[in-house]
Structures are given as structure tokens and as C-alpha cells.
Amino acid sequence: HGELIPNDKNLKPVNVESILEDVPYEIPENWRWVLLKNVGEIVGGGTPKTEIQEYWNGQISWITPADMKTKEKYIEKGKKNITEKGLKESSAKLIPKGSIIVSSRAPIGYIKIAQKEMSTSQGCKTIVPNPKVISEYVYYYTKGIKKHLEEIGTGTTFKEISGKKLGEVLIPLPPIEEQKRIVEKLEECFELIDKL
């Protein structure tokens, strides 16, 4: 809501296409309601064929929702790695460091930040942020709307959130300087909570 830290009205809003109608709540004047797809590319994951040995045990970290069960904010590796050949010959993609990985099924809503270049299974969708956002800001906001992400998931056997649906999720976007201060404040608060 823009109330965690004092709002600096002199900061310019982020220059990005914003949503003006049907917004969930009021935000400061120099913030913007935007879609996640407007602050980052939404990328799906993939799994190389498990029966082809040359696809596995390589140098590329490959993340699945099961690898994301930890409490840590960042993720560096999963239980399995894939090879360059496995990456090229499957729908898996290389995502850059700083990307926000969201488990999109079984279950929906584990969130991590990639600590290095890596790839994911199709059980994950990734937000590759553009320079208008700070990864940690998107991470904290997305964690905060886990229940909403679960609600918009669809499917009969198990719920799943598509890349298209994830891209249409609204996020309140402050000026970049304010994003940094919000992240600093949140991390300060979580540090205090951990000490309790």
C-alpha cells in the first residue's frame, strides 16, 4: 500500500505501461499498477528426456518445485543437473542470475531468486526481470500473494498456473529507489524476526 516506508513524492514513476482501472487498492501517486509481464519476461521450463543419459549429470543446475521447499530466498542448485545437449534438445531454457522462479504446480507458490544462470523443469515459471524492477522487490511481493496465485491456478488432477496467467498478475510498482528502500526495510524486519 506504500505505507511501509515514507513515500518520496519527488521520485519519478517507473516508465512502464500501467493499469488504471480495477486496481485492488490505492497506492502513492508516483507508483504504478502494472502487469508482471510488463516488468519481466515470463519463461517456462522443460525436462530433457530422462532415458537419454547424455542429457543428465552436466554442469547446468536444473530446478524443480521439490528443490524449492527450503526457507532460503536464493537458489543455486537442485538435486539434478543437465548438460548443454539436454538444454538444447529440450524445452528447458537458460535463465539469468536474478530471475524470480515461481513453482507453478505441485504446489503453486514456492518462490526463489536464481543465484546464478540455471534452468528449470516445466513445474516452474520464471520472471526474468527488466531494469525497471529489483528482483528482491518482485520476490517479496510475489511471496505475499501466494494465496492469490493458488486461486488463479486451473486444472483437474492438480492446479497449475500458466505463464500467461502469471504475466497478467498485478503488481504495485514504486520508483526504483523506493523499491530498494522497501527491500532494505523488509530485510531489516525479517532479520529482527529471526532473532526472536
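Ser-61 of strand S3 has Asn-81 as its bridge partner in strand S5, and S3 (residues 56–63) is joined to S5 (residues 80–82) by 4 bridges, the two strands running antiparallel. Here strands (E, at least two residues) and helices (H or I, at least four residues) are DSSP runs numbered from the N terminus, and two strands are said to pair if DSSP finds at least two bridges between them. The model is a predicted one, in which local features need pLDDT of at least 70 and side-chain atom pairs count only at pLDDT 80 or more, whereas totals for chains, interfaces and linings use all residues. Residues are numbered from 1 along each chain as its sequence is written, and side-chain values use heavy atoms, with hydrogens and water left out.

S3 also pairs in the parallel sense with strand S8 (residues 119–120), over 2 bridges, and in this pairing Trp-62 stands opposite Ser-119. Strand S3 is mostly covered, since 6 of its 8 residues are buried, where buried means under 20% relative accessible area and exposed over 50%, with partly exposed in between (1.4 Å probe, protein chains only).

S2 runs antiparallel to S9 (residues 124–129), to which it is joined by 5 bridges, and Gly-44 stands opposite Lys-125 in S9.

Helix H5 has 20 residues and reaches 29 Å from its first C-alpha to its last, close to the 28 Å expected at 1.5 Å a residue, the expected span being 1.5 Å times one less than the number of residues. The buried residues of H5 are Glu-178, Gln-179, Ile-182, Val-183 and Leu-186; they lie on the same side of H5 because they cover an arc of only 140 degrees around the axis, taken from the directions from the helix axis to the C-beta atoms. The face turned away from this buried side of H5 carries the exposed residues Glu-184, Leu-192 and Lys-195.
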